[in-house]
Amino acid sequence: MQKLSREFYEQSTLEVAKELIGKVMVFDSFEGVITETEAYIGKDDPACHAARGKTKRNEVMFARAGTSYVYLIYGMYHCLNFVTEEEGFPAAVLIRGVYIPQIDYKRTNGPGKLCKIMDITKQQNGVDIVESNDFYVLDKGIKLDYDTTTRIGISQGKELPWRFVVDKQKISKIPG
DNA sequence: ACCCCGATCGTA
DNA sequence: ACGATCGGGGTT
């Protein structure tokens with residue numbers, strides 16, 4: 001059982017997004033197995049928040065890999081990302097689902113839902129999850145098969161197969 | 001100052 | 001299929 005290193009997050013965003021599937025996200029007293037991710041990669045990705053440059057909201061996307069990026073969407077929900085690749089290159093992986101054994105999966109199978117359950121808010125924006133002792137990701141050796149699809153809820157960049165999701169059927173068989 | 005839109009979710 | 005709800009980003 002090992003906390004993911006800086007080098008893990010510095011890999012290509014697609015690699016990080018795929019490898020995060022089955023990793024265990026820890027925040028406060030919660031531990032959730034990551035079941036769904038999406039990659040948002042640089043200024044050439046029209047769906048990336050940083051596609052039109054740095055703003056106050058997205059500035060943490062330009063920070064070093066292993067930094068959390070939390071933003072408010074639709075005025076109601078928070079979404080959690082982990083920044084990837086080299087510092088100054090705006091890219092991140094959106095966490096879209098986690099499996100928490102004690103909690104009905106229906107309550108953690110969406111990016112807004114999992115933040116609500118785990119009480120992740122903009123307070124957690126810009127946290128270094130490599131250095132933090134209460135917000136980090138562990139490798140517990142869980143291997144899960146996943147499907148690759150296009151991303152959800154975006155209006156541009158719809159064709160890119162940058163979403164990775166564990167089959168619904170297999171969720172209940174996750175150890176833990 | 002104003003306007004438009006959004007990496008969502010629950011209900012219908 | 002649709003509305004809730006409000007911060008942020010672009011424009012005047």
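Trainee: Which residue just after H3 takes a positive phi, and of about how many degrees?

Mentor: Most residues other than glycine have a negative phi. Just after H3, Asp119 takes a positive phi of about 60 degrees. Before we go on, a word on conventions: this is a predicted model, in which local features need pLDDT of at least 70 and side-chain atom pairs count only at pLDDT 80 or more, while totals for chains, interfaces and linings use all residues. Residues are numbered from 1 along each chain as its sequence is written, chains are lettered from A and ligands numbered from 1 in the order in which they are written, and side-chain values use heavy atoms, with hydrogens and water left out. Helices (H or I, at least four residues) and strands (E, at least two) are DSSP runs, numbered from the N terminus.

Trainee: Which other residues have a positive phi although they are not glycine?

Mentor: Asp28, with a phi of about 50 degrees, and Glu85, with about 65 degrees, are two of them. Asp28 sits in the loop between E2 and E3, and Glu85 in the loop between E5 and E6.

Trainee: Is Glu85 buried or exposed?

Mentor: Here you compare the relative accessible area with two cut-offs: buried means under 20%, exposed over 50%, and partly exposed in between (1.4 Å probe, protein chains only). Glu85, at 15%, is buried, whereas Asp28, at 49%, counts as partly exposed. For an exposed case, look at Gln123, with a relative accessibility of 68%, in the loop between H3 and strand E7 (135–139). The C-alpha atoms of Gln123 and Val70 are 8.3 Å apart, although the two residues are 53 apart in sequence.

Trainee: Back to H3, then. Which of its residues are buried?

Mentor: In helix H3 (residues 111–118), they are Pro111, Gly112, Leu114, Cys115 and Met118. Seen down the helix axis, these buried residues fall within an arc of 165 degrees, so they line one face of H3; the arc is that of the directions from the axis to the C-beta atoms. Their cover includes strands E2 (24–27), E3 (30–41), E5 (77–83) and E6 (91–99).

Trainee: How is strand E5 placed, and what does it pair with?

Mentor: Six of the seven residues of E5 are buried, so the strand is largely enclosed by the rest of the structure.

Trainee: What does Asn81 touch?

Mentor: Contact means heavy atoms within 4.5 Å. Asn81 lies in E5 and is buried at 4% relative accessibility. Not counting residues up to four places away in sequence, Asn81 touches Thr67, Ser68, Tyr69, Tyr71, Ala92, Val93 and Leu94.

Trainee: How many residues does the largest nonpolar core have?

Mentor: In soluble globular proteins, nonpolar side chains tend to be buried together. A nonpolar core is a set of buried Ala, Val, Leu, Ile, Met, Phe, Trp, Tyr and Cys residues joined through side-chain atoms within 4.5 Å. The largest one here has 44 residues, and Tyr9, Leu20, Met25, Leu80, Phe82 and Ile95 have the most contacts inside it. E6 gives this core its largest share, five residues. A second, separate core of 14 residues includes Tyr40, Ala47, Ala50 and Met61.

Trainee: Last one: what lines the largest pocket, and what is its volume?

Mentor: On a 1 Å grid over the protein atoms alone, a pocket is an open set of points where a 1.4 Å probe fits, with protein on both sides within 12 Å along at least five of seven lines; lining residues have an atom within 4 Å of a point. Grid points are joined across faces, edges and corners, and the volume is the space filled by probe spheres set on the points. The largest pocket comes to about 470 Å³. Its lining has 22 residues, of which Tyr71, Ile73, Cys79, Ile152 and Gly153 lie nearest the centre. E3, E4, E5, E6 and H3 each supply at least two residues of that lining.
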